[in-house]
Amino acid sequence: IRFAMFARSQLPKLLGQSLEYPKQLNGTFELAINVGKPENVDAKFAELLGKGGRAIYHPRNEPWRMRSAMLADPEGNLIEIASDFWE
């Protein structure tokens, strides 16, 4: 799985209109990404931290039998990294 970020400065041109943005941590939206196996959560979390993400919560096993972590991108948007369910 590869991730790329689209520059915010390009969005008004792409959408044909001006935009407003939340300040600080964006609680209005969360992007959830399934990365397959539980061990992939740790690797992808570390990779995104290395690219400027900010930890919200570190990888952990959830009671509903999946592993997850959450971070914010440099602009405060929430990104959840999650695994498949395990038996």
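**A chat about strand β4 and its surroundings**

Guide: Strands β1 and β4 pair in the parallel sense, over 6 bridges. Keep in mind as we go that this is a predicted model.

Visitor: Thanks! Which residue in β4 is the bridge partner of I33?

Guide: That is I81. I81 also has A69 standing opposite.

Visitor: And in which sense do β3 and β4 pair?

Guide: β3 and β4 pair in the antiparallel sense, over 5 bridges. The two form a hairpin with 4 residues between the strands, and there G76 takes a positive phi near 90°.

Visitor: How many of the residues of β4 are buried?

Guide: The count is 6 of its 6 residues, so β4 is mostly covered. N77, I79 and I81 point one way from the strand, while L78, E80 and A82 point the other way.

Visitor: Let me pick one of those. Where is N77 found?

Guide: N77 is found in strand β4, which covers residues 77–82.

Visitor: Why does N77 count as buried?

Guide: Its relative accessibility is 17%, and buried means under 20%.

Visitor: What does the side chain of N77 make a polar contact with?

Guide: With the side chain of N26, at 2.9 Å. Leaving aside neighbours within four places in sequence, N77 is in contact with R8, N26, L71 and A72.

Visitor: New topic: salt bridges. What does the count come to?

Guide: The count comes to 4 salt bridges. One of them joins the side chains of R67 and D42, at 2.7 Å from N to O. That pair links distant parts of the chain, with R67 in strand β3 and D42 in helix α2, 25 residues apart.

Visitor: Is R67 buried or exposed?

Guide: R67 is buried, with a relative accessible area of 16%. D42 counts as partly exposed, at 33% relative accessibility.

Visitor: Which side chain meets E47 in a salt bridge?

Guide: The side chain of K44 does, at 2.8 Å from N to O. E47 and K44 both lie in helix α2, 3 residues apart, which is about one turn of the helix. K44 is buried, with a relative accessible area of 8%, whereas E47 is partly exposed, at 31%.

Visitor: Which residues are linked with K44 in a network of salt bridges?

Guide: E47 and K51 are linked with K44 in that network.

Visitor: What about E62, which residue does it form a salt bridge with?

Guide: E62 forms a salt bridge with R60, and their closest N and O atoms are 2.9 Å apart. E62 counts as buried at 9% relative accessibility, and R60 counts as partly exposed at 39%.

Visitor: Which ring does the charged end of R60 sit over?

Guide: The ring of Y57, with the charged end 3.7 Å from the ring's centre.

Visitor: And how many aromatic pairs does a search of the whole structure find?

Guide: That search finds 0 aromatic pairs.

Visitor: Last topic, backbone angles. Which residue has a positive phi of about 65° although it is not a glycine?

Guide: That is Q24, placed in the loop between α1 and β1. Q24 is exposed, with a relative accessible area of 72%.

Visitor: And what is phi of R65 near?

Guide: Phi of R65 is near 70°, a positive value in a residue other than glycine. R65 is found in the loop between β2 and β3, and counts as partly exposed at 41% relative accessibility.

Notes: Residues numbered from 1 in each chain as written. Predicted model: local features only at pLDDT ≥ 70, side-chain atom pairs only at ≥ 80, totals over all residues. Heavy atoms only, no water. Buried < 20%, exposed > 50% of the residue type's maximum accessible area, 1.4 Å probe, protein only. Polar contact = N/O pair within 3.5 Å; in protein donor to acceptor, adjacent residues only side chain to side chain. Contact = heavy atoms within 4.5 Å. Pairing = 2+ DSSP bridges. Phe/Tyr/Trp six-rings, centres within 6.5 Å; stacked < 30°, edge-to-face > 60°. Lys NZ or Arg CZ within 6 Å of the ring centre and 35° of its normal.
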